[in-house]
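Subject: Structure handover

Hello,

Here is the structure I promised to pass on. Please open it next to this email and follow along.

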Amino acid sequence: MIDTFTSQLPLPVTLPTDETFESIIDKGNQEVVTLLKDVATGMPQWRDEPRLVSLASLHLPLVTLQGGSGVGKSHLLYALCHQLATQQVNHIYLNLNQHAQWSLDIFDGLENLSLICLDNIHAVAGITAWEEALFDLFNRVIENPGALVVGSSQLGPSHPKFVLPDLRSRLAWGVIYHLNTLDDDSRKDVLRLRASQRGLKLSEQALQFLLYHSDRDLRSLLGLLERLDTRSLQEQKKLSVAMVKRELGLP
């Protein structure tokens, strides 16, 4: 049943193709990026990987990426899934922001997969039925030594929005990494890298203008870069300060 279910999900197709380990600027988050790379390369026999001994010793093999919006939590989950897809390791990515579109049985059988990526776990906080379903999944993962869960959340396990005490307990059993927000220099590095991957030539002047005249969170900046890429193709012109101004609606 699980093979049929997962084969119906176009996992690699639905994930941003440019959000891989190669496009990560890990300044301030080197430890967790290294861990997840080790997880990816160690799959599916991750418990046999010497560098993952501490993770394998956890009663519940759960890695939680915690932090606010735009710090790169989803990017790391996408990167894991992209690499596992190339290795043909069975896995799943679920963004719990979309839970209203699903039935509770979407968790059924997931413990049989090597890796379960649950993005935005906090989205089901306070919804008793979903909290119970997530709790039940964690208990099944405990019984299956091959499974590993990597999730993201804006809330810590002790946050009162989680109403099920047993779920709060399970979330605390795993290891939690608090992702650090990138500083301005790191944001510039990300924009340079993403522009280069798109074949865009981004001058230092245009980069400075883009960074200081738009929303500073990384998600907004990358969204703007994508729009500028489209505009550059449409206008058949190189990316310039004037083009950034037009996209931002500035005089």
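This is a predicted model: local features need pLDDT of at least 70, side-chain atom pairs count only at pLDDT 80 or more; totals for chains, interfaces and linings use all residues.

Start with the strands. Five of them, 5 strands in the order β2-β3-β4-β1-β5, form an open sheet. The pairing is parallel. At the edges sit β2 (91-95) and β5 (175-178), and each of these pairs on one side only. On average, neighbouring strands are turned by 15° against each other, direction ignored.

**Strand β4 and its neighbours**

Now look at β4, residues 148-153. On one side, β4 is joined to β3 (residues 115-119) by 4 bridges, and the two run parallel. Cys117 has Val150 in β4 as its bridge partner. Leu118 stands opposite Gly151 in β4.

Strand β1 (residues 62-66) also pairs with β4, again in the parallel sense, over 5 bridges. Here Leu65 stands opposite Ser152.

How does the chain get from β3 to β4? The helix α6 (residues 128-143) belongs to the unit: β3, α6 and β4 make a right-handed β-α-β unit.

Is β4 enclosed or open to the outside? Of its 6 residues, 6 are buried, so β4 is largely enclosed by the rest of the structure. In a regular strand, side chains alternate between the two faces of the sheet. In β4, Leu148, Val150 and Ser152 point one way. Val149, Gly151 and Ser153 point the other way. Residues on both sides are buried.

**Ser152**

What does the side chain of Ser152 reach? It reaches the backbone nitrogen of Asn120, at 2.7 Å. Leaving aside residues up to four places away in sequence, Ser152 touches Leu65, Lys73, Leu77, Leu118, Asp119, Asn120, Ile121 and His122. Leu65 in that list is also the residue that stands opposite Ser152.

**Thr20**

Next, a loop. Thr20 lies between α2 (11-14) and α3 (30-42). Thr20 is buried, at 17% relative accessible area. The side chain of Thr20 makes a polar contact with the side chain of Glu22, at 3.1 Å. Thr20 also touches His75, Ala79 and His82, not counting residues up to four places away in sequence.

**Salt bridges**

Side chains of opposite charge can pair when their charged atoms come close. How many salt bridges does a search of the whole structure find? The search finds 16.

Take Arg198 and Asp18. They form a salt bridge, with the closest N and O atoms 3.9 Å apart. Arg198 lies in the loop between α8 (184-197) and α9 (204-212), and Asp18 lies in the loop between α2 and α3, so the pair ties together parts that are 180 residues apart in sequence. Arg198 is partly exposed, at 30% relative accessibility. Asp18 is partly exposed too, at 25%.

Arg198 has another partner. The side chains of Asp229 and Arg198 meet in a salt bridge at 2.9 Å, N to O. Asp229 lies in helix α10 (residues 218-235) and Arg198 in the loop between α8 and α9, so this pair ties together parts that are 31 residues apart in sequence. Asp229 counts as buried, at 12% relative accessibility.

Helix α10 also holds a pair of its own. Glu235 forms a salt bridge with Arg231, and the closest N and O atoms are 3.0 Å apart. Both lie in α10, 4 residues apart, about one turn of the helix. Glu235 is partly exposed, with a relative accessible area of 26%.

Elsewhere, salt bridges share partners. They join Asp18, Glu19, Arg194, Arg198 and Asp229 into one network.

**Where to start**

Begin at β4, between β3 and β1 in the strand order. Then go to Arg198, which has salt bridges with Asp18 and with Asp229.

Best wishes

Technical notes. Residues are numbered from 1 along each chain as its sequence is written. Side-chain values use heavy atoms; hydrogens and water are left out. Two strands pair if DSSP finds at least two bridges between them. Axes are lines fitted to C-alpha atoms, for helices over the stretch in contact, and angles run from 0 to 180 degrees between N-to-C directions. Buried means under 20% relative accessible area, exposed over 50%, partly exposed in between (1.4 Å probe, protein chains only). A polar contact is a pair of N or O atoms within 3.5 Å; within protein, one must be able to donate a hydrogen and the other to accept it, and residues adjacent in sequence count only if both atoms are side-chain atoms. Contact means heavy atoms within 4.5 Å. A salt bridge is a side-chain nitrogen of Lys or Arg within 4 Å of a carboxyl oxygen of Asp or Glu. A crossover is right-handed if, with the strands pointing away from the viewer, the path from the first strand over the helix to the second runs clockwise.
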